[in-house]
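The following exercises concern the chain shown below. Each task is followed by a solution in steps.

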Amino acid sequence: MKKLLALLALAITTTTYGQVSNEVGIVAGPNIHYRINNNADGMYSSGLGFTGGITNNLYFGSHSSIYAALMYERRTEVQTKFFFIDFPPYPTKAVFTDDYISVPILYRYTMGKKP
């Protein structure tokens with residue numbers, strides 16, 4: 001059974017080899033992020049961050065492809081709390097910077113006559 005599966009995988013690979021093309025690239029730029037949930041402790045405001053990474057676009061036929069990327073993201077959030085010890089309440093701010101590694105894997109279909 002294992003030999004049959006290996007032979008089948010080899011046959012599929014060799015028959016689709018002529019139809020598959022690969023495209024590798026680099027992406028970089030700003031990202032805009034927004035936090036939806038605010039805690040009762042204070043308000044969060046988000047803004048611009050930075051994203052950079054490598055991408056791979058694997059084409060199957062003239063209109064379909066699978067897009068995968070390995071990306072580094074840096075996000076910054078500002079938290080504002082209000083303390084009601086004295087009158088008027090005074091705000092305090094804290095800045096958080098988080099680093100993320102994201103791996104998006106997407107199926108892409110291109111509409112139109114040209115690939």
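Accessible areas are computed by the Shrake-Rupley method with a 1.4 Å probe, and for residues only the protein chains shown count as cover. The model is predicted: local features need pLDDT of at least 70, side-chain atom pairs count only at pLDDT 80 or more, and totals for chains, interfaces and linings use all residues. Residues are numbered from 1 along each chain as its sequence is written, and side-chain values use heavy atoms, with hydrogens and water left out.

**Exercise 1. Describe the surface and the burial of the protein chain.**

Step 1. The accessible surface of the protein chain is about 9300 Å², and carbon and sulfur atoms hold 65% of it.
Step 2. Buried denotes under 20% relative accessible area, exposed over 50%, and partly exposed in between (1.4 Å probe, protein chains only). Of the 115 residues, 18% count as buried.

**Exercise 2. State the order of the elements and which of them have the lowest and the highest mean pLDDT.**

Step 1. Helices (H or I, at least four residues) and strands (E, at least two) are DSSP runs, numbered from the N terminus. The protein chain has 1 helix and 6 strands, in the order α-β-β-β-β-β-β from the N terminus.
Step 2. pLDDT is the predictor's confidence in each residue, from 0 to 100. The protein chain averages 76, and 64% of the residues score at least 70.
Step 3. Helix α1 (residues 2–16) has the lowest mean pLDDT of the elements, 56, whereas strand β6 (residues 105–109) has the highest, 90.

**Exercise 3. Determine whether Ser 65 is buried or exposed, and identify what it touches.**

Step 1. Ser 65 lies in strand β4 (residues 64–83).
Step 2. Ser 65 counts as buried because its relative accessibility is 1%.
Step 3. With contact taken as heavy atoms within 4.5 Å, and residues up to four places away in sequence not counted, Ser 65 touches Asn 57, Leu 58, Tyr 59, Phe 60, Leu 106, Tyr 107 and Arg 108.
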